[in-house]
Amino acid sequence: MAKIIFFQPHPDDLELNCGHLIHYLATKSKNKHNIRIASITKGEYGLPGAQYDKFKGDFLAKVRTRELYNAQSIHGIPPENIYFFDYVDGLVEFNEEIIMKISQYLDIEKPDIVFAPEPIYTSYYHKDHINTGKAIFYCIQNKLIDFIPIIYFYSTLSPNYFFGFKKEDFSLIDRLLACHKTQFWLINYIKWTYRPKTRIAGAKLRGWKYAEKYRRVYLYKKNKKKNKPSIIVKMLSYWYSSMPFFRAKYPQDLLEMLKKQGRL
Ligand SMILES: [Zn+2]
């Protein structure tokens with residue numbers, strides 16, 4: 001039995017990236033693993049436009065916490081296995097504070113494996129995602145914790161590990177996404193790429209038609225080649241990094257306050 005922590009910046013990020021793997025590890029794998037979910041924010045500004053301003057903040061945080069609990073209960077993961085870091089949605093920075101908090105959390109939990117959003121080779125260049133991935137990698141690479149877990153990145157353009165699933169398993173993702181009712185405006189937009197993406201990944205895995213893709217990070221020099229992305233991946237990542245179009249939509253008064261503080 002292994003202890004595995006799935007980090008996510010917002011409460012719905014794991015569904016379209018790791019839904020099948022989490023389900024397998026939590027329910028079907030022979031020696032069921034100890035699965036933890038660590039959410040950096042509660043996604044409390046994750047609604048588009050000023051018409052939703054009255055719901056943003058604490059109210060949306062509560063709703064999205066409930067949505068996350070409901071989705072994880074499909075995998076049999078209870079609320080006590082879900083931890084929140086309570087960073088502000090849209091304002092996750094890569095700094096000493098988050099590195100220290102993640103190190104302390106990892107030192108307490110001592111996972112065998114961690115999953116995090118890809119911070120370098122990705123098409124999803126959301127600041128919260130990039131900084132979450134960076135901070136977790138920094139803690140492990142610089143040995144700020146007194147053990148070395150295996151690290152995988154999801155939402156990567158440079159995968160070296162694939163987890164296969166069948167066509168009928170798409171219903172699992174539909175069930176998971178249905179729990180995130182407040183996020184349909186975004187999920188519907190991202191979802192149309194899900195089938196083709198998982199089909200392309202599935203073509204790399206013998207015996208499977210669809211697959212989730214991950215990048216296992218090899219920390220030691222002797223494995224350096226295994227980390228090497230192709231030139232196309234490097235170019236694509238650079239292109240995506242120059243157009244970060246996902247931003248939390250803050251209420252006007254908060255927006256002005258944040259601007260004054262230089263946080264936006
Ligand atoms: Zn997200």
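Student: H23 is found in helix α1 (residues 15-28). Why is H23 called buried?

Tutor: This is a predicted model, in which local features need pLDDT of at least 70, side-chain atom pairs count only at pLDDT 80 or more, and totals for chains, interfaces and linings use all residues. Residues are numbered from 1 along each chain as its sequence is written, and side-chain values use heavy atoms, with hydrogens and water left out. Buried means under 20% relative accessible area, exposed over 50%, and partly exposed in between (1.4 Å probe, protein chains only). H23 has 13% relative accessibility, so it counts as buried.

Student: What does H23 touch, leaving aside its neighbours within four places in sequence?

Tutor: H23 is in contact (heavy atoms within 4.5 Å) with K28, I74, H75 and L172.

Student: What makes L176 buried?

Tutor: The relative accessible area of L176 is 0%, so the residue is buried. L176 lies in helix α5 (residues 170-178) and, not counting residues up to four places away in sequence, touches E15, G19, A71, I74 and H75. Its C-alpha atom is separated by 8.3 Å from that of N70, 106 residues apart along the chain.

Student: How do you know that β4 is largely enclosed?

Tutor: Five of the five residues of β4 are buried, so the rest of the structure largely encloses this strand. I113, F115 and P117 cover one side and V114 and A116 the other, and all are buried.

Student: Which strands pair with β4?

Tutor: Strands pair if DSSP finds at least two bridges between them. β1 and β4 have three bridges, in the parallel sense, and β4 and β5 have five, also parallel. I113 in β4 stands opposite I4, and the bridge partner of I113 in β5 is I150.

Student: Which residues touch the most other members of the largest nonpolar core?

Tutor: They are F7, I102 and L106, in a core of 23 residues. A nonpolar core is a set of buried Ala, Val, Leu, Ile, Met, Phe, Trp, Tyr and Cys residues joined through side-chain atoms within 4.5 Å. The largest share of this core, five residues, comes from α3. Beyond neighbours within four places in sequence, I102 is in contact with F7, I40, F85, A135, I136 and C139. Another core, of 22 residues, lies apart, with L14, L21, I35 and Y214 among them.

Student: Why is the K3 and E109 pair called a salt bridge?

Tutor: The definition asks for a side-chain nitrogen of Lys or Arg within 4 Å of a carboxyl oxygen of Asp or Glu. K3 and E109 meet at 2.7 Å, N to O, so the pair qualifies. It links strand β1 with helix α3, 106 residues apart. K3, at 16%, counts as buried, and so does E109, at 15%. R36 is linked with both in a network of salt bridges.

Definitions and conventions. Helix = DSSP H or I, 4+ residues; strand = E, 2+ residues; numbered from the N terminus.
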